Amino acid sequence: MINPFSKLGISDDVVNAVKELGFENPTPIQEQSIPVLLEGSNDFVGLAQTGTGKTAAFGLPLLELIDFKSNKPQALILCPTRELCLQIANDIKNFSKNTPNAHVVAVYGGANIMQQLREIRNGVQIVVATPGRMLDIIGRKAIDFSNVKYVVLDEADEMLNMGFQEDINDILSTTPDDKKTWLFSATMPAEVRRIAKNYMENPVELTMGTKNTGNVNIDHEYYVVRARDKYAALKRIVDFNPEIFAVVFCKTKMDTQEVADHLIKDGYNADSLHGDLSQQQRDKVMQRFRERHMQLLIATDVAARGIDVNNVTHVINYALPDEIESYTHRSGRTGRAGKTGVSICIVNSKEIGKIRQIERIIGKQFTKAELPTGFDVCEKQLFALVHKVHNVEVNTDQIDQYIPRIMDEFAELSKEEVIKRFASLEFNRFLEYYKNAPDLNASAEERGDRGDRGPRNFGNSDYTRLFINVGSVDDFTRGDLLGFVCNNGKISGKAVGKIDLKGVFSFIEVENDSVDSLFNNFKDVQYNGREVRLEKTSEEARSEKRSFGGGSGRRDRDRGGYGGGDRRGGSGRREGGNFNGGGGFRDFSGRSREDRGGYGTNRGDRRDSRGDRGGSKRRS
Ligand code: AMP
């Protein structure tokens, strides 16, 4: 039987190489573009998502068109990020492993330029580059592009988003006019159209799937929660998916770091990826993620660009992207290479409109999902454990010597009782954590303004209205104030009702049952050297009007911002609620918690290198 890639016109050396990579059949984009590109006589625009086999779609034809007897650069591939650059270069090296005298160089910033210059000097036919470093090398007159016949602009929309337009112009001006340009983009905003118009002549256009449509293998879901419950919702989603392997997107570097820090503190196998990390640190994080030593990668849009990790089960939009178009790139991190994936948005009620906009852009409907209850999570985790125990590989050589003693220990117990005890070992911890877990789904009422604790009508008789002498002039948001009062007053966030943030003071409603405890704990609280007073409002005040102050005055950013889920989750969240850390059975790497402690050390270093962020304040 003729190999399907041979049928498309690919030569044996390359066909054998891709066979070794496990490519049995061309993906749809490969099937459509390879014959067109092999002609070598057209400009080309391919509208395609990442993860669809794009690299081979242009890489394989390039290998057929290049004259490998010559050692001069004949193809230049520009892409937005170092990660993508390395991936493309590696892919093409793999495709050309049987092709005599094929040389591919990856040119990207943050790495030793001398080594790259040396490789160029030694002779290369294919240059894969990020624009900045490419310009640097051109500026040094270290490369001659006069023989370039093909330029590939990969993830063109991303390159423009990242401000590379000028650089691309400058680079292309050093290549011959009669070269062919092949442009690939996941989306086709006006700027990309303009490039196509400026640089190409009657390009052949191929659209894989509908325009701007996300990958068909991806399901899109959203959960509506109160703004303060976002973190708890994230944890619940993770806990409900014991085998999750996900990229979680935040908006800013700081949020990314904070969410990752909190997850790590809560025992999850997570780490952050953002622009404040050195290249070496980013590489390490990516390596751990790729090798499945980490379950949750918390990333900014920019840092996650071009990440090609297969088998990502979920993309979680912890914050929606500012640019709706970025959603396509985010969700494209899952559902790759024919696999299915889920892209989740955790939103508050005010963001539902944005979900509708995204639906219009991707041409697909989101499913509104409900966060599972604590009981659902326990059940799911229990059966994940049961399956794991059932399927575990038994190391007979090692365990056999202990079996007589173990049997002795269990001699009194029936099989059923032994099973019950093993299962309970983990299940009890889940139950402990989730026994009082609240419903995190925003109720219909909350879908009004409660999510953000906006000013609402006070006057619920179950609550006491309190005055506090801090407000928006102190740079507090409602979330900050909630954290501040709960932390200093040692009450649950759930006990707090409406918050009305004023200028120099604010009003806050607290459940009647928690008021005494709040006043007892809220002593000597200072903020910016000022005593903070908490009082019942005149209509509430009983005969003895009390005011309380004291404490450290320290704004507990962490607990204030993220305590929502945990505070409410009852006691011992780390011990009782941490399903990843405890028995370690959720840890993909199979490492113990102690092992993972090692990452903590790295992270400490990293934070040092970025300076002390302790004084900064989280904005909710
Ligand atoms: P890309 O869109 O080029 O980043 O490719 C996404 C993933 O699909 C990569 O891991 C490729 O190795 C894989 N891939 C590409 N083409 C094929 C194919 N024809 N068969 C199987 N896997 C493929």
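## Aromatic pairs

The count of aromatic pairs comes to 11, where rings of Phe, Tyr and Trp (its six-membered ring) pair if their centres lie within 6.5 Å, with planes under 30 degrees apart counted as stacked, over 60 as edge-to-face and the rest as tilted. In one of these pairs, Phe44 and Phe184, the ring centres are 5.5 Å apart and the planes stand at 45°, so the pair is tilted. Phe44 belongs to strand E1 (residues 44-47) and Phe184 to strand E6 (residues 180-185), so the contact ties together parts that are 140 residues apart in sequence. Helices (H or I, at least four residues) and strands (E, at least two) are DSSP runs, numbered from the N terminus. Both Phe44 and Phe184 are buried, a class that means under 20% relative accessible area, with exposed over 50% and partly exposed in between (1.4 Å probe, protein chains only). Phe44, Phe58 and Phe184 form one aromatic cluster.

The rings of Phe484 and Phe522 have centres 6.3 Å apart and planes at 80°, so this pair is edge-to-face. Phe484 lies in helix H21 (residues 478-489), while Phe522 lies in the loop between helix H22 (512-521) and strand E18 (526-527), so the pair ties together parts that are 38 residues apart in sequence. Phe484 counts as buried at 3% relative accessibility, and Phe522 is buried at 0%.

## Basis of the model

This is a predicted model, in which local features need pLDDT of at least 70 and side-chain atom pairs count only at pLDDT 80 or more, while totals for chains, interfaces and linings use all residues. Residues are numbered from 1 along each chain as its sequence is written, and side-chain values use heavy atoms, with hydrogens and water left out.

## Charges over rings

Lys230 lies over the face of Tyr318, at 5.7 Å from the ring centre. Arg465 is placed over the face of Phe507, at 3.9 Å from the ring centre. A charge sits over a ring if NZ of Lys or CZ of Arg is within 6 Å of the ring centre and within 35 degrees of the ring normal.

## Ligand surroundings

The ligand is surrounded by 15 residues, and the closest are Asn25, Gln30, Gly51, Gly53 and Thr55; a residue is near a molecule if one of its heavy atoms lies within 4 Å of it.

A nitrogen atom of the ligand is 2.8 Å from a polar backbone atom of Asn25. Taken alone the ligand exposes 490 Å², of which the protein buries 82%. These areas come from the Shrake-Rupley method with a 1.4 Å probe.

## Strand E8 and its partners

Strand E8 (residues 218-224) is mostly covered, with 6 of its 7 residues buried. Two strands pair if DSSP finds at least two bridges between them. E8 pairs with strand E13 (residues 341-347) in the parallel sense over 7 bridges, and Asp219 stands opposite Val342 in E13. E8 is also joined by 2 bridges to strand E14 (residues 367-368), again running parallel, with Tyr222 opposite Lys368 in E14.

## Thr207

Thr207 lies in strand E7 (residues 204-207) and counts as partly exposed at 30% relative accessibility. Thr207 and Phe184 are 23 residues apart in sequence and 10.0 Å apart in space, C-alpha to C-alpha.

Definitions and conventions: A polar contact is a pair of N or O atoms within 3.5 Å; within protein, one must be able to donate a hydrogen and the other to accept it, and residues adjacent in sequence count only if both atoms are side-chain atoms.
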